[in-house]
Amino acid sequence: MPLKSLTINGFKSFADKTKIDFTTGITGIVGPNGSGKSNITEAIRWVMGEQSARSLRGDKMVDVIFAGSDTRSPMNRAEVTLEFDNSNHELKSPQENVTIRRKLFRNGDTEFSINNKACRLKDINAIFLDLGMGKQSFSIISQGRVEEIFNSKPVERRSIIEESAGVALFKQKKQQAENK
Ligand code: ATP
Ligand code: MG
């Protein structure tokens, strides 16, 4: 299920609205240290539902909002949009294109949407868990993550495998049912 585009606006170092189109094949992003390469992968994890500010190298979630620079004032909200080509209908949606969006305002208000329709974080999590592509999965491997996986405890490693195998979603549903 290919990515079509990523649009970043007000997230971390991206004060200007920036759109990256992913054409077929492999996309490489190159740039000097500190130019924002890691911020791009973090924007992808964020729009896919990442809830840990620490794993986005911040203390609190509002730290992802552009904090200002010598020449620009801080922004009031971060917005990231990720567009998927769903022509093979791997995502459970009748739409050919699926667009997910996340917004965060400085006062802490958050909005999620799927195809411009407001939704809950739960709905975003469900589509990716279903594909074995949740925020913890192997689909995005950050610097240092390989060592972390090797050094993790068996029970943690098991959760990675379960997520990749698509078991995690059912475990989560079972837990929710038991809690009711
Ligand atoms: P490296 O090659 O060293 O891994 P990189 O290209 O991955 O570098 P990033 O870590 O993505 O670079 O970007 C770091 C930059 O993002 C820093 O200059 C930092 O000040 C900036 N940055 C992070 N959060 C914010 C924010 N909230 N507002 C403004 N700038 C930010
Ligand atoms: Mg980096």
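**Ligand shell, sheet and helices**

Colleague: What makes up the shell around ligand 1, by class?

Modeller: Four nonpolar, eight polar and three charged residues. Ala, Val, Leu, Ile, Met, Phe, Trp, Tyr, Cys and Pro count as nonpolar, Asp, Glu, Lys and Arg as charged, and the others, Gly among them, as polar. This is a predicted model: local features need pLDDT of at least 70, side-chain atom pairs count only at pLDDT 80 or more, and totals for chains, interfaces and linings use all residues. Residues are numbered from 1 along each chain as its sequence is written, and chains are lettered from A and ligands numbered from 1 in the order in which they are written.

Colleague: Which residues come nearest to ligand 1?

Modeller: N33, K37, S38, N39 and A67, out of 15 residues around ligand 1. Being near takes a C-beta atom, placed from the backbone, within 6 Å.

Colleague: How do you know that the radius of gyration of the protein chain agrees with a compact globule?

Modeller: The rule is 2.2 Å times the number of residues to the power 0.38, over C-alpha atoms. For 180 residues a compact globule would come near 16 Å; the protein chain has 17 Å, so the two agree. Along its principal axes, the C-alpha trace spans about 50 × 40 × 40 Å.

Colleague: What is the secondary structure of the protein chain?

Modeller: Five helices and six strands (DSSP runs, numbered from the N terminus: H or I of at least four residues, E of at least two). Along the sequence the pattern reads β-β-α-β-β-β-β-α-α-α-α.

Colleague: What makes β1 and β3 a pair?

Modeller: Pairing takes at least two DSSP bridges. β1 (residues 3-9) and β3 (residues 77-85) have six, and run antiparallel. N9 has E79 of β3 as its bridge partner, and L3 stands opposite F84 in β3. β1 also pairs with β2 (residues 18-21), antiparallel, over four bridges; there, L6 partners I20.

Colleague: How many bridges join β3 to β4?

Modeller: Nine, and these strands run antiparallel.

Colleague: Why do β2 and β6 count as edges?

Modeller: The open sheet has six strands in the order β2-β1-β3-β4-β5-β6, with antiparallel pairing. β2 and β6 (117-119) each have a single partner strand, so one side of each lacks a neighbour in the sheet. The twist averages 20° from one strand to the next.

Colleague: Which strands does helix α1 touch?

Modeller: Helix α1 (residues 37-47) packs on the sheet and touches β1, β3 and β4 (97-105), at about 80° to β3. Helix α2 lies across β4, β5 (110-114) and β6, at about 45° to β5.

Definitions and conventions:
Axes fitted to C-alpha atoms, helices over the stretch in contact; angles between N-to-C directions. Contact = placed C-beta atoms within 7 Å.
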